[in-house]
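Subject: Structure handover

Hello,

Here is the structure for you to look over. My notes follow below it.

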Amino acid sequence: MPVAPHDRRQTPLRVGGLIHKESLHGLIVRHAFGKVYPNLNAKPSMYDAIVLGLGGMGSAAVMHLADRGKRVLGLEQFTLAHDRGSSHGNTRMIRQAYYEDPAYVPLVLRAYELWMELENNAEEQLLMRTGGLMVGRMESELVQGSLRSAREHNLKHELLEANEIVRRFPATAPRQNDVAVFEEPAGILFPEACIRAHVQRAQSKGAELRFQTEAKSWEATPIGVAVTTADGERFEAEQLVICAGAWLANVASDLNLPLRVERNVMHWFQPRVHPDVFGPPKLPVYIVDHNQKFMLYGFPSLGGTGLKAAFHHSEIYTTPQELDRTVSENEVEAVRQTLADWMPAAAGKHVASVACMYTLTPDLHFLIGRHPHEANVWLAGGFSGHGFKFCSVVGEIIADLIIEGVSFHDIRLFDPARFVDHWT
Ligand SMILES: Cc1cc2nc3c(=O)[nH]c(=O)nc-3n(C[C@H](O)[C@H](O)[C@H](O)COP(=O)(O)OP(=O)(O)OC[C@H]3O[C@@H](n4cnc5c(N)ncnc54)[C@H](O)[C@@H]3O)c2cc1C
C-alpha cells in the first residue's frame, strides 16, 4: 500500500513477513515519505552503514565505503565468494560496446578503471583482456546495439565479415551472413577473485564483515536503521544498503518489487581438438545471436576446466529457495548443439554444469536508488544477468549515495521510481 504524504506510521517489519512493532530504546518511531524524525536522546549508531549481502555488489560497496573512511558492517548469509547466488562459476564477461543501451558505456569505462586499480593491490588476477566478438546478422539487435554504443561513445571497434571472423579466429564457423563487432578491450573477470579482492581491501580499511550471518529483519529507527540477524544479534547504523541479489524481493518484501529470479545454467565442454586453438588470443569471449530462442555466449579455454558456454536467459523462473541445481541431459545437449554450430570442434565431452540465478527487472535495467519509504535505506539489485562487470562502479555509486546522497554517475536508467505502480 503506498504511503500517503501525511501518513506517519509506526516503523514496521522487514524480512520474510516478520512484523517488528517494538520500537528502539522503547521509543515510538515515526516517519513519513523519506523524512525521519530523530530523537535527540537516542544513542549514536555504531556504524555509518550496514551492507546486507556480500556478493558481487555488496563486497564492492563495503570496500568503497571503508575506503572513504566510513564505519561499515557487512552481513553475508553464506561464506566468502560462495556458489549459492549469482556471482560464481569462474568467469564473467566484460565488454564496452554495450548492445543493451549506450547509457551503460560511461559506467563500464569507469568499472574498468576501478577493476584495474583493485587488481593492482590484489593477490590474484581479476581481469583478463581477450577481445570480444558480438556475432549475428547485420540487422540483429546484438550487432546493431553494439555498433550504436561503439559509435555514440567513440569506442575503438571493428566490424568483421564472416570470412574475416574465421580467418582471425579459426575455431569459429560463422554463417555466411554473419558479421561481428570485435572490440579489443573486452575480456574476462574472475568473479570469486573479484569478491575476495574487494573483501580483503575493505577489511584492510577497517570494515567489519560477518559471514554465515543471515539478516533476518530490518527496521527504521530514530537515528537510522537496525538489522537483526537469525541469531538474534542486533546492529544499528545510520544507513542500510540492501545488496541481496536474488533474495532482494524477500528482503524488501514490503515493496512488492516486480523482480523475477531466472535459473540459468553454465556448462563446460572439453574441446575435441587440441585446446590451444580455443585459448586467447585465438578465441575471444563471444556472444552469438543466430536467431535462436536464447543467445549463446562463451569464453575461451583457460586451461584444465574446458570451454564454458551458456545460453543468455532460460525463461525458467524460480526462487533462491527452490532453485533446481540438477541439470538435465536435454539442457546440456541444447547448449552443446548450439555451440557446435558456432564452433564445431568445441562441443566435445561434457565436463560440468552449474546452476546460477539472474534477478530480472521488467525492462532488464538495474535497480539502484533510495528505498521509496525509508530515507536511510538504499537498494541495489535487479542486475538482470549482466551486472557483474559493473560491480566495481556500483560500489562507488553506493558510496556516493550513502555519503553525498547523490551519485556523480548518471544512474537515471536505474531509478526504482519506475516501478512505483508496483509498490504497496
Ligand atoms: C550464469 C550467469 C552468468 C552471468 N554472466 C555474466 C557476465 O558474463 N557478465 C556480467 O557482467 N554479468 C553476468 N552475470 C550477472 C552477474 O553475475 C550478476 O548480475 C551479479 O553477480 C549480481 O550480483 P549481486 O551482488 O546482486 O548478487 P550476489 O552476488 O548473489 O550477492 C547477493 C548476496 O546477498 C546475500 N544475501 C541475500 N540475502 C541475505 C540475508 N538475508 N542476509 C545476509 N546475506 C544475504 C547472498 O547470500 C549473496 O551473497 C551472470 C549471472 C549468472 C547467474
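What share of the residues in the protein is buried? Of the 424 residues, 48% are buried. Buried means that 20 or more other C-beta atoms lie within 10 Å of the residue's own; 12 or fewer is exposed, and in between is partly exposed, with C-beta atoms placed from the backbone.

Two notes on the source. This is a predicted model: local features need pLDDT of at least 70, side-chain atom pairs count only at pLDDT 80 or more, and totals for chains, interfaces and linings use all residues. Residues are numbered from 1 along each chain as its sequence is written.

Overall picture

The protein has eight helices and 23 strands. These are DSSP runs, numbered from the N terminus: helices are H or I with at least four residues, strands E with at least two. Among contacts with a separation of 6 or more, 73% join residues 24 or more positions apart. A contact means C-beta atoms, placed from the backbone, within 7 Å.

A helix pair

Helix α1 (residues 56–67) packs against helix α5 (residues 191–204). The angle is about 25 degrees and the axes are 8 Å apart. Axes are lines fitted to C-alpha atoms, for helices over the stretch in contact; angles run from 0 to 180 degrees between N-to-C directions. From α1, the contact uses G56, S59, A60, V62, M63 and A66. From α5, P191, I195, H198, V199, R201 and A202 take part. Eight of the contact residues are nonpolar, three polar and one charged. Nonpolar covers Ala, Val, Leu, Ile, Met, Phe, Trp, Tyr, Cys and Pro; charged covers Asp, Glu, Lys and Arg; the others, Gly among them, are polar.

A three-stranded sheet

This open sheet runs in the order β6-β11-β7, with antiparallel pairing. Strands pair if DSSP finds at least two bridges between them. β6 and β7 (127–129) are the edge strands, each pairing on one side only. Neighbouring strands are turned by 30 degrees against each other on average, direction ignored. β6 and β11 (residues 187–189) share three bridges. I94 has G187 in β11 as its bridge partner.

R84 sits in the loop between β5 (72–75) and β6 (92–94). Why does R84 count as partly exposed? Because it has 17 C-beta neighbours inside 10 Å. The C-alpha atoms of R84 and P320 are separated by 8.3 Å, though the two are 236 residues apart along the chain.

Best wishes

How values were computed:
Contact = placed C-beta atoms within 7 Å.
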